[in-house]
Amino acid sequence: MNAPLTPYAVPRPSVPIDLWLDANEGEAPPLELLDALRAAGGDALRRYPDARPLEAKLAARLGLAAEQVLVTPGADEALDRACRAHLGPGKRILLAEPTFEMLSRYARLADAEVDSFEWVSGPFPVEAALARTTPATALVVVVTPNNPTGAVATASDLERRSAAAPDAIVIVDLAYVGFADEDLTARALAMPNVLVTRTLSKAWGLAGLRVGYVAGPRPIIDVLRATGSPFGVSSPSLLLAEAWVERGEERVRSFVDRIRCERAELTRILATRGATPLPSQANFVLARFADAEAVHDALAASGISVRIFPRRASLEGCLRITCPGNAADFARLTRALEAALSASTGKETRR
């Protein structure tokens with residue numbers, strides 16, 4: 001039986017925070033971006049939104065027809081639509097554990113069962129995933145880089161996964177692919193039963209606008225287009241997203257370069273201070289600590305919030321730390337982290 005649903009809630013510190021490193025948000029775009037909204041005038045507020053111009057631009061970047069791309073309120077909405085369209089009683093979704101936790105919620109809302117296989121670190125366990133596939137498997141989701149671990153699948157993994165379930169829909173969630181060593185978008189889109197979800201919330205820094213998209217074969221996209229609201233993303237969000245896709249690529253590339261440097265340095269610091277960081281290709285590092293709650297609280301006392309995972313067995317003792325992509329914030333994080341780990345180590349020694 002599926003567990004009862006509870007509201008999604010990120011554990012947040014009860015003390016004042018001014019450096020939020022618990023949600024993997026990207027760098028804020030320049031305020032000049034708002035000029036695109038001013039130029040549109042009042043019609044951007046009074047008229048129903050039209051996502052087709054942004055869909056056409058995104059499709060052109062992917063080498064697809066515009067009809068093969070659907071813009072949604074964050075990639076989350078695309079995942080929800082896929083679950084509502086393809087799941088139901090007697091059908092099953094197959095996921096890694098741990099992974100993006102909303103996936104299992106969307107599946108249960110569709111009255112489907114959730115199957116899982118373990119993938120905490122290391123290569124994608126394709127054999128375990130294949131072994132868990134049954135005739136009732138209607139959706140398979142691979143998040144790569146995986147959230148919250150940062151582990152990645154390869155193109156070969158995706159090809160084997162797709163071929164092994166030709167009657168299922170395989171969703172490849174690439175929300176964090178901008179930070180990865182390899183962009184699997186083109187390879188994934190070449191597979192006949194694969195949908196790719198992406199977002200402008202992470203590397204592109206537009207989490208507040210709620211703009212994501214899904215791409216794939218037109219018949220599958222048509223079903224998703226019919227599954228949800230025709231006006232899901234607001235006109236201001238669409239206008240700003242379109243303008244940023246047109247002009248923000250160089251700035252985003254620079255931000256990603258900084259993240260990769262910070263990620264390597266953060267991994268080194270954690271390892272040398274007694275924590276166990278997992279290899280990551282996302283904009284965060286997940287690590288195990290002797291006392292994760294103490295480190296979490298010590299960082300919060302310094303005004304820094306990182307992600308802790310209460311009541312998730314596979315993530316017990318773990319914290320996920322977003323790389324800020326900013327030299328001053330990263331220096332502040334590392335100072336606070338080193339102090340917290342030194343205090344935690346001292347406590348362990350005194351015991």
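Me: What is the handedness of the crossing of α4 and α5?

Reply: Two packed helices are described by the angle between their axes and the distance between the axes. A crossing is left-handed if the near helix is turned anticlockwise from the far one by less than a right angle, and right-handed if clockwise. The crossing of α4 and α5 is right-handed. Contact (heavy atoms within 4.5 Å) is made here by Asp76, Leu79, Asp80 and Cys83 of α4 with Leu103, Tyr106 and Ala107 of α5. Helix α4 covers residues 74-86 and helix α5 residues 102-109; they pack at about 35°, their axes 9 Å apart. Axes are lines fitted to C-alpha atoms, for helices over the stretch in contact, and angles run from 0 to 180 degrees between N-to-C directions. Helices (H or I, at least four residues) and strands (E, at least two) are DSSP runs, numbered from the N terminus.

Me: On what kind of model does this rest, and how are residues counted?

Reply: This is a predicted model, in which local features need pLDDT of at least 70 and side-chain atom pairs count only at pLDDT 80 or more, while totals for chains, interfaces and linings use all residues. Residues are numbered from 1 along each chain as its sequence is written, and side-chain values use heavy atoms, with hydrogens and water left out.

Me: In what order do the seven strands of the open sheet stand?

Reply: Strands pair if DSSP finds at least two bridges between them. The order is β2-β8-β7-β6-β5-β3-β4, with mixed pairing. Because β2 (69-72) and β4 (113-118) each have a single partner strand, they stand at the edges, and one side of each lacks a neighbour in the sheet. Strands β7 (residues 194-199) and β8 (residues 212-215) run antiparallel and are joined by four bridges. Thr199 stands opposite Gly212 in β8.

Me: Which residues of α11 are buried?

Reply: An α-helix has 3.6 residues a turn, so residues three or four places apart point the same way. Buried means under 20% relative accessible area, exposed over 50%, partly exposed in between (1.4 Å probe, protein chains only). The buried residues of α11 include Val252, Phe255, Val256, Ile259 and Leu266.

Me: Where is there a cis peptide bond, and which residue has a positive phi although it is not a glycine?

Reply: Most residues other than glycine have a negative phi, and most peptide bonds are trans. Glu97 and Pro98 are joined by a cis peptide bond, with omega about 5°. Asp111 has a positive phi of about 65° and lies in the loop between α5 and β4.
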